[in-house]
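Hi there,

Here is the structure I promised to pass on to you. Have a look at it first, and then read my notes below.

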Amino acid sequence: MSRRSTPDPAALSWEHRRIALLVSGGLLMEQFDSTVLSTALPSMARSFGTSPVHLSGALTAYLLGLVLLLPSSGRIADRFGSRTVFRLAIALFTAGSILCAVSQSLPFLVGARFVQGCGGALMVPVGRLVLMRSVRKDQLINAVFWTLMPATVGPMLGPPIGGLLTTVLSWRWIFIINVPIGLAGLVAAGLIPQMREQAATRLDTPGVILSAIALAGLVFGLEQARGGPSGFLHAAPILLLGAGAAALYVRHARRVAAPVLDLSLLGVETFRLSVLSGTASRIAIGGLPFLLPSMLQIGFGLSAAQSGLITFSNTFGAIVVRFLSARILRRLGYRSTLLLNGASACIITLCCAAFRPGWPLVWLFPILFLSGFTQSLQFTALNTIAYAEVPTERMGAATGLYSTVQQLGLTLGISIAAVVVSLSASLHAHPSARLGDFATGLATIGLCSLLAIPACWRLPRSAGAELSGHRPGG
């Protein structure tokens, strides 16, 4: 008598997998674009007659577009429909890519990257929201797996293809290749269900304005601060403006029924601790791709193609952990995984700061592999534990707030890395950043990631057991 295998109750239906893969396609475009750009920064800097560190503005402009529209992305989808907004997002991202490819000045490039960021702000969060509203909590890890697994192709292909295109053709081709991908995405977006919230609330316009000023003040203030001592003088009033707007927003959010960023969600313990821990962790996740390619090309004298092939091992580690994350979380639980993995990620980032030209290049591969492994595991764990205790009816608000904080953490990583490298170069009287300056930046973001550990320590041992299947003490 044959035995039938018991179906996995947490398995996703084909419809849910299809949505996850479409969301992953948008994420693939974003991650491919960001990893390609990081590899091409030195070549772009020569084209515009500036330092690679000053091109951090092109990265932060993209992230600024993200954080400005992310808070209202869920409300926009509720009003106009998820499929419509998803298509608009792909169109904006593709148009921004075309503008980047034809840019002749750094300010024009920064503006084009902002357009791309606006597209990205509406693309992935809207698709993710459709998926979150469709699956049960015990299916969340599988949903995240199907969303993130194909998207690892972007970071995998980004460094070697970006380095090859930059070395053989021109850095402009790293944006041109987005055009056919975007056109294909416009066609595939028809498979996204047209979901609307029937009782959609009015858009919190004052909240949108205050949150935009606060986020812009923080991002641009840090960007100005990268110029060294003189830059801090320009940054101070911008940062004060952002801080003032943030204080006003907190007061405003307590008085309205449906604020654009629902800060009351921070009362949910696992959500709050994931936000605190995730912000610290993403400083390293955001800063590493910005610093490492420039360090290898400027400090080691490697070409863009060689640099891309070496950093590929970081992405390979991220791919491998996708197949192991569910098992690790089931075996150790969220608390132990985040504590052990967070400490490991810090140590490995400090090892990257110790890279020197005299090292055999083969030594770099296992370290970067482990870096990708630990950072990806941390990212997956934080992205799922955040929603463990969030009620289904508040999932849209939680997705908007968490996505905003997530992108802000990545922006902080880039900005802090650029500030530290510029200050180090200024203190050592270097006309431009050198190997030691990049190493100082890597060490700083690595130590910043340690701030995630106290928040993880406060997680209950049973946190996320419903998601992972972990049995504390079992």
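**A surface patch to begin with**

Leu164 lies in helix α6. Before going on, please keep in mind that this is a predicted model, in which local features need pLDDT of at least 70 and side-chain atom pairs count only at pLDDT 80 or more, while totals for chains, interfaces and linings use all residues. Residues are numbered from 1 along each chain as its sequence is written, and side-chain values use heavy atoms, with hydrogens and water left out.

Helices here are DSSP runs of H or I with at least four residues, strands are runs of E with at least two, and both are numbered from the N terminus. Together with Val168, Leu169, Trp173 and Ile176, Leu164 forms a nonpolar patch on the surface, with about 470 Å² of accessible area in total.

Some terms need their cut-offs. Patches are made of residues with over 30% relative accessible area and no salt bridge; like charges are joined within 9 Å, and nonpolar side chains (Val, Leu, Ile, Met, Phe, Trp, Tyr) within 5 Å. A salt bridge is a side-chain nitrogen of Lys or Arg within 4 Å of a carboxyl oxygen of Asp or Glu. Accessible areas come from the Shrake-Rupley method with a 1.4 Å probe, and for residues only the protein chains shown count as cover.

**The whole protein**

How many helices and strands does the protein have? There are 18 helices and zero strands. Of its 474 residues, 56% count as buried (buried means under 20% relative accessible area, exposed over 50%, and partly exposed in between, with a 1.4 Å probe and protein chains only). The protein exposes about 19400 Å², and carbon and sulfur atoms supply 67% of that area.

**Aromatic rings**

Rings of Phe, Tyr and Trp (its six-membered ring) pair if their centres lie within 6.5 Å; planes under 30 degrees apart count as stacked, over 60 as edge-to-face and the rest as tilted. By this rule the protein has three aromatic pairs. Trp171 and Phe175 are edge-to-face, because their ring centres are 6.3 Å apart and their planes stand at 90 degrees. Both Trp171 and Phe175 are buried.

Phe369 and Phe373 have ring centres 6.5 Å apart and planes at 35 degrees, so this pair is tilted. They both sit in helix α14 (residues 361–385), four residues apart, which is about one turn of the helix. Phe369 is partly exposed at 23% relative accessibility, whereas Phe373 is buried at 17%.

Another ring has a charge over it: Arg335 lies over the face of Trp457, at 4.8 Å from the ring centre. The rule asks for NZ of Lys or CZ of Arg within 6 Å of the ring centre and within 35 degrees of the ring normal.

Ala463 lies in the loop between α17 (452–457) and α18 (465–468). Is Ala463 buried or exposed? At 7% relative accessibility, Ala463 counts as buried. Leaving out residues up to four places away in sequence, Ala463 touches Thr270, Tyr334 and Ile385 (contact means heavy atoms within 4.5 Å). Ala463 and Glu389 are 74 residues apart in sequence and 9.1 Å apart in space, C-alpha to C-alpha. Glu389 is in the loop between α14 and α15 (395–427), and is partly exposed at 42% relative accessibility.

Enjoy exploring!
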